[in-house]
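Trainee: I would like to learn how to read a model of this kind, one feature after another. Could we take the features in turn, with the general idea stated before the case?

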Protein chains: 4
Amino acid sequence: MHLSYGDQLLPMEKVLRDPVHDYVYIQHKIILDLINTSEFQRLRRIKQLGTTSLTFHGAEHSRFGHCLGVYEITRRICDMFARNYPSKTPGDGGWDDHERLVALCAALLHDIGHGPYSHTFEHIFHTDHEALTVQILTSPDTEVNQVLRQVSPEFPSQVAAVIQKTYPNPQVVQMISSQIDADRMDYLLRDSYYTGTDYGNFDLTRILRVMKPYQGGITFAMEGMHAVEDYIVSRFQMYMQVYFHPVSRSMEVILDHLLERANELYQNHSINAEATPHMLLPFFNNDFTLHDYLRLDDGVLDTYFNHWRDSKDQILADLATRFLDRRPLKSARLTEQTQSLLPKLQQLIEQAGFDSHYYTATNDSYDLPYDAYDPKMKKPRTQIELMQEDGSLVELSTVSDLVRAITGKVSGDRRFFFPKEMLSDQIDLFNDVNQAFQAHIQNDRLIL
Amino acid sequence: MHLSYGDQLLPMEKVLRDPVHDYVYIQHKIILDLINTSEFQRLRRIKQLGTTSLTFHGAEHSRFGHCLGVYEITRRICDMFARNYPSKTPGDGGWDDHERLVALCAALLHDIGHGPYSHTFEHIFHTDHEALTVQILTSPDTEVNQVLRQVSPEFPSQVAAVIQKTYPNPQVVQMISSQIDADRMDYLLRDSYYTGTDYGNFDLTRILRVMKPYQGGITFAMEGMHAVEDYIVSRFQMYMQVYFHPVSRSMEVILDHLLERANELYQNHSINAEATPHMLLPFFNNDFTLHDYLRLDDGVLDTYFNHWRDSKDQILADLATRFLDRRPLKSARLTEQTQSLLPKLQQLIEQAGFDSHYYTATNDSYDLPYDAYDPKMKKPRTQIELMQEDGSLVELSTVSDLVRAITGKVSGDRRFFFPKEMLSDQIDLFNDVNQAFQAHIQNDRLIL
Amino acid sequence: MHLSYGDQLLPMEKVLRDPVHDYVYIQHKIILDLINTSEFQRLRRIKQLGTTSLTFHGAEHSRFGHCLGVYEITRRICDMFARNYPSKTPGDGGWDDHERLVALCAALLHDIGHGPYSHTFEHIFHTDHEALTVQILTSPDTEVNQVLRQVSPEFPSQVAAVIQKTYPNPQVVQMISSQIDADRMDYLLRDSYYTGTDYGNFDLTRILRVMKPYQGGITFAMEGMHAVEDYIVSRFQMYMQVYFHPVSRSMEVILDHLLERANELYQNHSINAEATPHMLLPFFNNDFTLHDYLRLDDGVLDTYFNHWRDSKDQILADLATRFLDRRPLKSARLTEQTQSLLPKLQQLIEQAGFDSHYYTATNDSYDLPYDAYDPKMKKPRTQIELMQEDGSLVELSTVSDLVRAITGKVSGDRRFFFPKEMLSDQIDLFNDVNQAFQAHIQNDRLIL
Amino acid sequence: MHLSYGDQLLPMEKVLRDPVHDYVYIQHKIILDLINTSEFQRLRRIKQLGTTSLTFHGAEHSRFGHCLGVYEITRRICDMFARNYPSKTPGDGGWDDHERLVALCAALLHDIGHGPYSHTFEHIFHTDHEALTVQILTSPDTEVNQVLRQVSPEFPSQVAAVIQKTYPNPQVVQMISSQIDADRMDYLLRDSYYTGTDYGNFDLTRILRVMKPYQGGITFAMEGMHAVEDYIVSRFQMYMQVYFHPVSRSMEVILDHLLERANELYQNHSINAEATPHMLLPFFNNDFTLHDYLRLDDGVLDTYFNHWRDSKDQILADLATRFLDRRPLKSARLTEQTQSLLPKLQQLIEQAGFDSHYYTATNDSYDLPYDAYDPKMKKPRTQIELMQEDGSLVELSTVSDLVRAITGKVSGDRRFFFPKEMLSDQIDLFNDVNQAFQAHIQNDRLIL
């Protein structure tokens, strides 16, 4: 197979200034061509963290920078592997630098299928960003596919295989997705930088230094144990402090209900002309093309919300306003014991004049910060292994007290969301209702 | 005058995590109420640097964070002035802390009138963001005005006066707008942070330490001369390296021509139904209300561009695509001598198949990095003065060689923009045309 | 009691530029006077981390900067307590700002009794830096005492009481020494900065924000749990990665043996004239005054080592050279099972020509990263408590999985140190000896 | 020439953690061997900035880290040159990677001849650190020479030639010493980091990117003009704000007078036995060997000062105390006009009881921040040149207003130093004398 196009280097290495990695270095013509496709440029218009920017106002960065960052980390890993661990004979566990191109392309494109407010959008419209990523790579209509095809007819599906974890070389797969991969490493650093919190920081240079390829994929030198431990702890803390922040989740609840309400009104033919969300109709009708999907971005959705705030439907108008003007719901922790309280609380909320379907929600945010390999799991994870001086491997949690503490433990919480108005002591009319409601909340928890 | 509402402090100081200032501290209820208005929240949907994010991909931050930052710097100045230089008798040149509230509100709201892609939008639709800021403060229909009015009936216009520089106390005015004010200090630091360039960094803590109020406004202790010098140099370098970047200006040229084309088509009734930009019509018709203006944001414009890329008008469709997919024009420096070349170059561009009105432009980017006071100027600037130990004042450029070097000197350049295709050597058809064109470009300059 | 001197503020707040805290702010005349004493200036000549700078070359900072940093953090805590939690009636758990002066002085002076290479020096000469600190504060001959006495005759012993933890107000004591105090917070940040490792970083601003005084001392708002957790984890990682580094411990072993050898030679009258360590003689003779102690610093010891490298005693000369030229011993982990190997290994080392008393050592480095209060312990620690919204307290490890993982667990290791020459495979003469030795070392551990 | 030893790479690249460059990468065995020499390790005991740490307390770093930093920057330049501009035929202006070894060794060792408090020491004892550097490289007795000789007999003098600027390849020479070289780049960044000031920061990554080898040495791509400009401005500001700080210069004055006084007493045989500075005697006698020189370090000098503070000679004792306890002289700016005042001021100082020879001084601190090549100068400097797209060169100050402003201009000041006691208003006895003195000082300047 002759990779002539894939091998083409730019006459002069190109750099993009990046606040996280200082510079992103582009050496292959194909990488520059991929960045210049319409599908990739569209990522500039989709926020990386969705509603999190409504809690951490600094975090307005898009998926565009993150994708460049994953590419850059992958490029650095390839450079280091090629310099220090080149494969000499096939199957010796070293790095075969012919894999560089497929790794770089997969890194750059791994999130290309994301749409606006992905999580919520998928929930309401049953789309799947991973399947869409594969479609964008392999559908002959996209600019991305046209670029990839120039390498070889099979190249688009090879890149897709890396993202789907079916690519034969586990080193390439684990570089892009494993419990310590270029994707996670970039987003922790990037989200830390933009939120202005320091929790996600870890020592990237050191992690890259102790990374080693071997037959089974990627391992880490034992001397780097504490650097890997620090990364796991950082990831845990970002989830606890940033990604699971109750205010962001509350804004996501509002967004979810807003789209649900619009869909309901559309199905009932009660959406008025000016506010018709033309670009969303294929999704309301559950019959959309890739082209329909690729027209969407955050601004398109926000524009419809902007129209809907003038809607005659009070719930639609109110939810759109709450979303655009950032009026979050309040929340409290919920446990199995206090679950039984919900009907009573929803009733009080109805009494206070709110539709409890659209104005309350329960939301789980749970994460498994790290897990050792467990064949009984539905999707067993690739565990992190450390290589000792004599070449033997040990699993991370067996040598790190900190990691063991959070291994296999689901972290996060389950919360009940409700209108802020329920906590007010000013509305005379509903004073009794509010007092009854507030009696069930203490120290950020529901109580019986 | 009883400022009861203005004096209300939050039961517990509230903080917003900010990547530039670490935290923004909110102590007054009114500040929190202003942040929660619809008009202020809208700033989240308007990028601070417009097309600059298409050159520096990290710089996707909105005007929302900048406004908070200007507020925070102003708050710190007030704190420091109140601690170190409280006024004892009226007119003694000290700081009267009753001015704090009007200063904080003006700082927070000084950019509230900005719309999407402000510079270009104003150029095409003849709007004026400063006049709109005053309108938002003083019009009884806005949420901002409703909050401000609770302090006193005159308060909205007092805040407006600070922004318009007609407020009687020059200390308050200079805090918000002068050659070294909270606005400039925040944007230099913030734009540096988000672009990932270091040029705009200067020592904010030290500048705040050497700032002093006096009868004539604000001065700086002589020992802080080099810190002030460093700030001026940083500002100069951000203009040269970031704000005047040719690629961003090229994208602004495309945006400008895109809106101009849409307007032309609308006036000729040739825009098709689906692509009708409902929210822009009041501006096309040159008859818009404040409400019309406040509905706009970057996403709304981008959504129309998204529609227009499917337009039957080739120029509209092509310009929209170039804008959304980031396909910048190329450019070269232009001087008075080479100005005469333009007709010839435009003719070659027409020969290559481009409408030279929509596909070329000249654009100036000039800035006066610093100027001493000059009564002959149309808008004389408040010069920066340093106070010596014995209380006498000296103007900055008389003691700093570096500042003197750029004082009163207009910096920047004038460029001619044209389609990238003119530089290609691949299109056989236009080979001669391209060669003739390229003969006039050398070392980033037009040559005769 | 009239604290006139203690209350004197400088006419203008003075600042010292500090790389960790940006600026250290000095407001009281007494603080400036204390910094200017001979005893305090001497701290500039004593490295904060001793032999650690031989592993992390950037970490050459002295105890001087650390003491200023502890002062500065304490000052910020006092400011925040005075602003947000002022005591209104005695015993209400609020902060009484009359305690500020004693807190600031104790913070500044808490390490004033440290000498050169403290840990090793104390081991060899049986000095005690805490007792010496108290002596420096209370002995009428020191400049420090002369400054403190100007406040009141009792003030020196009040400051000493804070450091000895016998001061009646637990808030003041815990500010300076507890499991999360100004001392630890400064050294983690400072040692991170100077080593260039990031492990010791935590969010100081946020920790200071969530700190609260109460009757029992100092607590933290529940919302700050993760920030406190992050601090504990950072501390754990600094111990594991920096403070317990085997190379630094190895250099400490050499230093210890070097001083021991000199002492032995002195007691045997075999030290020659030129190399007589005049300033150390009082310590060799176990009869020293405070004045003798205060003359010592790192440079004095190094100067003697410099002389000793020319000694006729081969062991003294060799150890001095190894120390000054940084020639560390090697080491391997030791367990209870492998303890029995030591005699055999020492014998092999003797066979290779080394005095096993001076060229081997075992060294423990253990730390208790955090502990909840346990009355059965010899020195029960003040546990970290979090305050919930309703005022109730919970102990940190009951709410943090990460902290619980390392609570009450001793971390660190025990190592056996030996000459690097034992690992060589080049010395033909001792080839068999070396091979026999090396057979007992694998993966950084002794094996049977 | 067979460079077998020089070509030996370590089995695994070694890294040293560095706070400025993150890591220093060591690949050649010879570099590790050089670092491990006695002469190089001695640099750990010599402060990089001498008395500056008495003004900026954070700046206690030694010459050791700086030398590693210069090595690391040089290594990165070599890597980049080898990747992007390899020489294909001799004399084509490309980089010949056979020069790497001599460049790296020269970078590492360029400061090896520095002694304690170099500037002052050279002034009093007429030593010359550059000549000593050459001696250390070429004298067969040093460990450094023994390592270098293993490459080839000529190698030590080749390395010396680079440092003396007589090496034939100007690219290698300019890498190590020119107006923008690895030495200056490291010390600006490092001194900024340790002082905690930001003035010395510039964009190292970008400067390295735009550097290019050519026949005449090293040039910079035109697109990097502002990065180079920023470096020149940073350098200027570090001189103005840090290196020329009056307090550090005042401490240097004291140090200078202290050594002068000791020398005078020694020549008069009036130094007492215990205080005899054995290691300094060869210098007092003006007859020292390289071995004598290499025994000295900051600690040795400080130890003598420590002894001298108990001297019977009051001036020696007082100056030693002022130095160790940091009691700086005060100072004021001096001009040609006010020069005539000095005799009168010195007389007043004598009247106040001070020996005016030992207690006053005038001191110049001037620097030429940048200069274009001027053949008329005694030591014409290599000017900084920028390469345009078409390969033509332009000199920096012709395209940068900021650089032009400081080109060829000597910056700094001349100050008169005197005892702080002259500014006191508390000593009744000398009240008239002090008032007469103070009448000549205003706004930090002498006045007639």
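**Reading the model**

Mentor: Let us begin with a helix, where the span from end to end can be set against the span expected at 1.5 Å a residue: helix α13 of chain D, residues 225-243, has 19 residues and reaches 26 Å from its first C-alpha to its last, close to the 27 Å expected. Please keep in mind throughout that this is a predicted model.

Trainee: Is α13(D) mostly covered or mostly open, and how many of its 19 residues are buried?

Mentor: Burial is judged by counting neighbours, and a residue is called buried if 20 or more other C-beta atoms lie within 10 Å of its own. On that count α13(D) is mostly covered, with 18 of its 19 residues buried.

Trainee: What covers the buried residues of helix α18 in chain B?

Mentor: In α18(B), residues 314-324, the buried ones are Leu316(B), Asp318(B), Leu319(B), Ala320(B), Arg322(B), Phe323(B) and Leu324(B). Their cover includes α3 of chain A, together with α14 (246-267), α17 (298-308) and α20 (356-359) of chain B. After α18(B) comes Arg326(B), which has a positive phi, near 55 degrees.

Trainee: Which other residues have a positive phi although they are not glycine?

Mentor: Asn443(B) has a positive phi of about 50 degrees and lies in the loop between β10 (441-442) and β11 (445-446) of chain B; it counts as partly exposed because it has 14 C-beta neighbours inside 10 Å. In chain C, Asp444(C) has a positive phi of about 65 degrees, and its place is the loop between β10 (441-442) and β11 (445-446) of that chain. Asp444(C) is partly exposed, with 15 other C-beta atoms within 10 Å.

Trainee: Which residues have the most contacts inside the largest nonpolar core?

Mentor: A core is read from its members and from their contacts. The largest nonpolar core has 261 residues, and those with the most contacts inside it are Val159(A) and Val159(C). Beyond its neighbours within four places in sequence, Val159(C) is in contact with Val102(C), Cys105(C), Ala106(C), Leu109(C), Leu137(C) and Leu148(C). Apart from that core lies another, of 260 residues, including Met279(B), Leu348(B), Ile35(D) and Ile77(D).

Trainee: How many residues of chain A are in contact with chain B, and which element supplies the largest share of that side?

Mentor: An interface is read by its counts, its elements and its residue classes. In this case 34 residues of chain A are in contact with 34 residues of chain B. On the chain A side the largest share, 6 residues, comes from α17(A), and by class that side has 9 nonpolar, 14 polar and 11 charged residues. For chains B and C, 5 residues of chain B are in contact with 5 residues of chain C, and β2 (22-28) and α12 (204-210) of chain B each give two or more residues to the chain B side.

Technical notes:
Residues are numbered from 1 along each chain as its sequence is written. Chains are lettered from A and ligands numbered from 1 in the order in which they are written. This is a predicted model: local features need pLDDT of at least 70, side-chain atom pairs count only at pLDDT 80 or more; totals for chains, interfaces and linings use all residues. A nonpolar core is a set of buried Ala, Val, Leu, Ile, Met, Phe, Trp, Tyr and Cys residues joined through C-beta atoms within 7 Å. A residue is buried if 20 or more other C-beta atoms lie within 10 Å of its own, exposed if 12 or fewer, and partly exposed in between; C-beta atoms are placed from the backbone. Two residues are in contact if their C-beta atoms, placed from the backbone, lie within 7 Å. Helices (H or I, at least four residues) and strands (E, at least two) are DSSP runs, numbered from the N terminus. Ala, Val, Leu, Ile, Met, Phe, Trp, Tyr, Cys and Pro count as nonpolar, Asp, Glu, Lys and Arg as charged, and the others, Gly among them, as polar. The expected span of a helix is 1.5 Å times one less than its number of residues.
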